[in-house]
Amino acid sequence: MFTLNNPVIIDLASALVLLGVVNIAWSMFYQFRLSPVARFPGPPLPKFTFLYEFYYEWIRPGQYYKKIHEMHEQYGPIVRVSPEEIHISDPLFYHELFVPSNIRKTNAYTRYARGTGFEGELLYGARPRNLINHDTCIQLDIFDLIATHEGHKIIRDPVENLYSKISSHEPDIMKCAQNFCERLNQYRDMNKHLNLSHACLSLAIDVATTATLLFPSDYLSEPTFNAKLFDIQKSGLVHVPLFAHLPLLARAFTSPFVDFIASFIPELRDWNEKTRRQTFRLELREPAMKLQGRSNVWKRSSIASRIGKLIQQNGIFHVSHTIETVITHLAMNDSQRQSLKDEIELFWKEHPTETSSWFALRQLPYLTACIYKGLRLGASSMKRSPRVFPDDDIIYKELVIPKGTPISMTTYYMHMDPTVFPEPQNFDPERWLKADANPLMHGYLVPFGKGSRACAGQNIAWMQMYFAISQLYQPGGPEIELFESDETDVRLAHGPTKSV
């Protein structure tokens with residue numbers, strides 16, 4: 001019979017404790033002395049363990065971006081923020097780091113996909129592989145396809161080509177914007193208040209699926225703007241940092257468990273069924289897009305389903321929140337709102353045949369300034385944008401960052417830099433219209449990222465913002481008043497979910 005005083009139990013426990021101590025000691029020695037990034041400055045804890053990041057992302061939700069900012073104030077413009085990752089806070093270096101594919105190969109940081117539900121093989125610790133030679137897989141998913149530079153390019157090129165056909169998208173996206181304004185007019189006629197966040201999210205999803213899928217969604221027609229679905233998804237997304245830091249075995253069971261729970265929620269069950277029936281537009285399914293002799297990834301129904309989910313969970317927040325931010329601030333400022341309405345009314349009178357032209361609308365200075373301000377305040381990602389450069393060392397000042405090291409920057413602090421944007425929390429479109437405007441503003445405004453992994457759908461996003469706002473503030477548009485809310489309801493407060 002075994003008891004706590006049994007010598008075998010005591011010896012086993014002692015051995016396990018000793019093994020744990022040796023493992024911790026070796027890990028500390030490696031991280032502080034042998035790691036390729038050991039010499040970079042930063043506090044000891046994040047150098048040693050990912051649990052430091054977990055604390056500021058989960059225990060104190062979404063606050064790691066603030067902690068990183070404090071690290072830079074103490075240690076300088078380059079800081080080690082995890083056992084693997086280097087973070088740089090130097091806006092002038094941003095455009096040197098995030099470069100086109102013809103300048104430098106760029107891989108994704110595989111750890112950053114954890115917890116999103118799109119990591120596939122990488123969930124099990126597999127290293128990213130070239131998609132061209134990727135013939136077998138455990139569970140192929142979105143991040144498996146885009147993790148490497150070559151795989152990402154294969155997926156991105158046809159998408160970028162599709163989204164670049166501006167004239168073919170304009171009628172469909174304008175129709176979505178008109179549907180958006182029509183729904184707001186219905187609420188005006190009924191003298192009812194609405195949730196603007198849900199309305200803008202519905203618009204963004206309809207636009208994204210219209211540009212990508214053969215049978216787009218029609219979220220704007222739903223009576224409540226899909227309030228229950230968005231609230232459920234939001235409550236689930238806040239758990240991403242927890243899922244990301246679970247041990248390997250626990251992560252393997254997380255996705256099936258979440259799917260099992262979702263099957264009992266009617267809104268999620270219906271949503272999953274809709275995404276399973278989605279088909280990409282013909283431009284993405286043509287035989288010319290085959291991947292060097294392999295079957296065309298765009299014809300796989302499972303991938304269409306995953307892309308549909310990715311759009312609705314991750315690909316629409318920035319643009320929807322930008323539109324919401326612009327509407328909110330204009331509702332609080334009669335002078336700014338009237339300036340925009342006057343500019344649009346004059347354009348409507350002088351150019352009645354060009355009101356559906358994105359190119360023409362871009363020439364309106366005040367409308368453009370409002371969108372710039374909305375993007376700066378509403379699309380400032382508080383999450384880092386890590387990249388891995390497999391073939392090149394990165395030189396920052398006198399420091400050499402070894403190739404293969406995850407390197408990140410945070411656009412939020414570029415958008416909120418008071419030296420370039422005085423009183424950065426203010427919504428002041430006039431800032432962009434001054435004759436002596438700071439020339440650095442355009443370089444510091446990077447809502448869609450830069451380089452080979454910048455947002456492939458940014459043309460669609462720009463078009464959506466111009467169409468939605470111009471339609472909303474055209475003559476006869478709805479008068480919007482805030483109901484029990486103010487600018488704090490659209491002010492970014494914590495880091496949103498990770499971007500794939």
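Reply: One term comes first: rings of Phe, Tyr and Trp pair if their centres lie within 6.5 Å. The model is a predicted one. By the ring rule, Tyr372, Phe421, Trp432, Phe448, Trp462 and Tyr466 are linked into a cluster.

Me: How many aromatic pairs does the rule count?
Reply: The rule looks at ring centres, and pairs need them within 6.5 Å. Applied here, the count comes to 19 aromatic pairs.

Me: Is the pair of Tyr412 and Tyr413 stacked or edge-to-face?
Reply: The two ring centres lie 5.0 Å apart. Planes over 60 degrees apart count as edge-to-face. The planes of Tyr412 and Tyr413 stand at 80°, so the pair is edge-to-face.

Me: The charged end of which residue sits over the ring of Phe421?
Reply: Phe421 belongs to the ring cluster. A charged end lies 4.7 Å from the centre of its ring. That end belongs to Arg376.

Me: How far from the centre of the Trp358 ring is the charged end of Arg362?
Reply: This is another charge over a ring: Arg362 sits over Trp358. The distance to the ring centre is 4.1 Å.

Me: Now the whole chain. How many helices and strands does the protein chain have?
Reply: The chain has 500 residues, and buried ones make up 50% of them. It exposes about 24100 Å², with carbon and sulfur atoms supplying 57% of that area. Its elements are 22 helices and seven strands.

Me: Among contacts between residues at least 6 apart in sequence, what share joins residues at least 24 apart?
Reply: Contact means heavy atoms within 4.5 Å. For the protein chain, the share is 73%.

Me: What span does helix α4 reach from its first C-alpha to its last?
Reply: Helix α4 covers residues 64-75, twelve in number. At 1.5 Å a residue, 16 Å is expected. The span reached is close to that, at 16 Å.

Me: Within what arc do the buried residues of α4 fall?
Reply: The buried residues are Tyr64, Tyr65, Ile68, Met71 and His72. Seen down the axis of α4, they line one face of the helix, because they fall within an arc of 110°.

Me: Which residues are exposed on the other side of α4?
Reply: The buried side has its cover, which includes α2, α3, β1, β2 and α20. Across the helix are the exposed residues Glu73 and Gln74.

Me: Which residue just after α4 takes a positive phi?
Reply: α4 runs over residues 64-75. Just after the helix, phi is about 110°. The residue is Gly76.

Me: Is Glu57 buried or exposed?
Reply: Glu57 is found in helix α3. Beyond four places in sequence, it touches Gly62, Gln63, Tyr64, Pro241, Lys383 and Arg384. Residues under 20% count as buried. At 6% relative accessibility, Glu57 is buried.

Me: What is the phi of Phe225?
Reply: Phe225 lies in the loop between α9 and α10. At 1% relative accessibility, it counts as buried. Most residues other than glycine have a negative phi. Phe225 is not a glycine, yet its phi is positive, about 55°.

Me: What is the phi of Asn226?
Reply: Asn226 lies in the loop between α9 and α10. It counts as buried at 12% relative accessibility. Asn226 is not a glycine either, and its phi is positive at about 60°.

Me: Which residue follows α8?
Reply: α8 has 25 residues, 166-190, and reaches 36 Å. Its buried residues, including His169 and Tyr187, pack against α7, α9, α16, α18 and α22. After the helix comes a residue with a positive phi, near 55°: Asn191.

Methods:
Residues numbered from 1 in each chain as written. Predicted model: local features only at pLDDT ≥ 70, side-chain atom pairs only at ≥ 80, totals over all residues. Heavy atoms only, no water. Phe/Tyr/Trp six-rings, centres within 6.5 Å; stacked < 30°, edge-to-face > 60°. Lys NZ or Arg CZ within 6 Å of the ring centre and 35° of its normal. Helix = DSSP H or I, 4+ residues; strand = E, 2+ residues; numbered from the N terminus. Expected span 1.5 Å × (residues − 1). Buried < 20%, exposed > 50% of the residue type's maximum accessible area, 1.4 Å probe, protein only. Arc of directions from axis to C-beta. Areas by Shrake-Rupley, 256 points an atom, 1.4 Å probe, with all protein chains shown as cover.
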